[in-house]
Amino acid sequence: MLNIPKLKINFEYEKKKKEKPIKIPKAHTLNLGRVRSIVLLILIGLFIYLSYVLLLANATAHKNKSLQQTVTTLNHRINQENAGTTSYNPLVDQYMTQFLKVYYSPASGDSDTRTKQLTQYLSSNLTLPNTDKNTDLKLVSSTLTGIFTVDTVKTAQYRLTVEANNKQSQLTVDIPYQQDNEKLTVTGLPYVANPINSVSHIGQSRLANTGKTLNSEQATTKIAKFTKQFAQKYTSSSTKDMAFLMSDPVGLDGAVDFVSLDDSTIKVAGTTKDPIVTATMTVKIHDSEITQVQTIRLYLKQQASTYFVTKFIQA
């Protein structure tokens with residue numbers, strides 16, 4: 001018995017199976033609008049970052065310029081402070097005294113020994129002139145009168161008494177030198193100079209600038225009252241007792257007696273919350289008749305109904 005229908009069905013099924021269409025995957029496409037948005041966000045981010053970097057660079061440059069100006073100002077002040085001001089330095093005095101003893105010593109005895117000794121004090125490129133042939137010379141005394149700056153060079157001035165041929169003479173000499181910590185070197189031979197005149201007007205009084213006057217009669221009266229109380233407390237109390245009135249406490253503990261505080265000298269500046277008061281008070285040394293006038297300045301901070309001293313200056 002033949003099964004023809006079954007073979008036909010199988011054939012038709014295989015044919016349909018072979019003719020089934022093949023599915024092609026969809027291609028991935030980019031959305032142009034989305035790409036533009038991403039690019040725009042990146043550009044905005046870069047702009048913000050570059051702006052931030054530029055801002056930091058400008059701030060750094062401004063800070064560096066400010067620091068350079070500060071350094072220049074400080075150097076200028078240091079040079080001004082060094083120029084023409086007398087001072088005492090034991091190390092310099094000891095060194096120069098030994099040098100002067102050798103320099104102003106008899107040259108007729110053993111000039112080679114003197115030259116060898118002086119070489120220890122003089123800079124390596126500084127030599128004694130051939131005309132330096134003083135005979136019968138003796139240094140009697142030397143006094144350091146000041147250390148100052150001449151054309152940016154450190155200079156020590158001495159008042160000398162020198163004896164030559166049994167006759168004493170006084171002279172003032174300047175000695176250029178260089179110092180590196182404890183090491184010193186004479187960089188120029190002593191030369192005769194005019195004595196230092198320390199009397200001058202090179203600056204203002206330490207407490208001359210009082211600032212803009214506080215225009216509040218009520219506050220001024222209150223501050224003046226506190227200042228008087230503070231002055232009395234300061235002269236009679238110990239440093240420990242002054243702690244509740246001052247941030248950096250100090251007290252004379254009765255070393256002097258408070259006499260008075262002149263109302264006419266009280267000057268109040270600043271603000272009602274942070275006033276600055278300058279005044280002149282008179283004190284008397286304890287157990288004596290010696291009086292002394294002192295100028296004080298208080299930097300105050302208001303606390304409830306009273307004040308607290310944040311800074312205290314005397315002059």
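Leu56 is located in helix 2, which spans residues 32–82. This briefing concerns a predicted model, in which the chain has five helices and ten strands. Leu56 is partly exposed, at a relative accessible area of 42%, and it belongs to a nonpolar surface patch of about 1,100 Å².

**The nonpolar patch**

- Besides Leu56, the patch is made by Leu32, Val35, Ile38, Val39, Ile42, Leu43, Leu46, Tyr49, Leu50, Tyr52 and Val53.
- In an α-helix there are 3.6 residues a turn, so residues three or four places apart point the same way.

**The chain as a whole**

- The chain contains 315 residues, of which 26% count as buried.
- Among contacts with a separation of 6 or more, 48% join residues 24 or more positions apart.

**Helix 3 and its cover**

- Helix 3 covers residues 90–103, a run of 14 residues.
- From the first C-alpha to the last, helix 3 reaches 20 Å, close to the 20 Å expected at 1.5 Å a residue.
- The buried residues of helix 3 are Val92, Asp93, Tyr95, Met96, Thr97, Phe99, Leu100, Val102 and Tyr103.
- The cover over these buried residues includes helix 4 (111–119), strand 1 (137–150), strand 2, strand 3 and strand 4 (183–186).

**Helix 5 and its cover**

- Helix 5 runs through residues 217–236 and has 20 residues.
- Its reach of 29 Å, from first C-alpha to last, is close to the 28 Å expected at 1.5 Å a residue.
- Buried within helix 5 are Ala219, Ile223, Ala224, Phe226, Thr227, Phe230, Ala231, Tyr234 and Thr235.
- Strand 6 (256–261), strand 7 (267–270), strand 8 (275–285), strand 9 (291–303) and strand 10 (306–314) are included in what covers those residues.

- Ser141 sits in strand 1 and counts as partly exposed, at 32% relative accessibility.
- Leaving aside residues up to four places away in sequence, Ser141 touches Arg159, Leu160 and Thr161.
- Ser141 and Gln170 are 29 residues apart in sequence, with their C-alpha atoms 9.4 Å apart in space.
- Thr155 belongs to strand 2 and is buried, with a relative accessible area of 1%.
- A polar atom of the Thr155 side chain lies 3.1 Å from the backbone oxygen of Val153.
- Not counting residues up to four places away in sequence, Thr155 touches Gly146, Ile147, Phe148, Val150, Asp174, Ile175, Pro176, Tyr177 and Tyr191.

**Loop residues with a positive phi**

- Most residues other than glycine have a negative phi.
- Asn166, although not a glycine, has a positive phi of about 65 degrees.
- Asn166 is found in the loop between strand 2 (153–164) and strand 3 (167–180), where it is exposed with a relative accessible area of 70%.
- Asp287, which is not a glycine, has a positive phi of about 60 degrees.
- Asp287 lies in the loop between strand 8 and strand 9 and is exposed, with a relative accessible area of 70%.

Definitions and conventions. Residues are numbered from 1 along each chain as its sequence is written. This is a predicted model: local features need pLDDT of at least 70, side-chain atom pairs count only at pLDDT 80 or more; totals for chains, interfaces and linings use all residues. Side-chain values use heavy atoms; hydrogens and water are left out. Helices (H or I, at least four residues) and strands (E, at least two) are DSSP runs, numbered from the N terminus. The expected span of a helix is 1.5 Å times one less than its number of residues. Buried means under 20% relative accessible area, exposed over 50%, partly exposed in between (1.4 Å probe, protein chains only). Contact means heavy atoms within 4.5 Å. Patches are made of residues with over 30% relative accessible area and no salt bridge: like charges are joined within 9 Å, nonpolar side chains (Val, Leu, Ile, Met, Phe, Trp, Tyr) within 5 Å. Accessible areas come from the Shrake-Rupley method with a 1.4 Å probe; for residues, only the protein chains shown count as cover. A salt bridge is a side-chain nitrogen of Lys or Arg within 4 Å of a carboxyl oxygen of Asp or Glu. A polar contact is a pair of N or O atoms within 3.5 Å; within protein, one must be able to donate a hydrogen and the other to accept it, and residues adjacent in sequence count only if both atoms are side-chain atoms.
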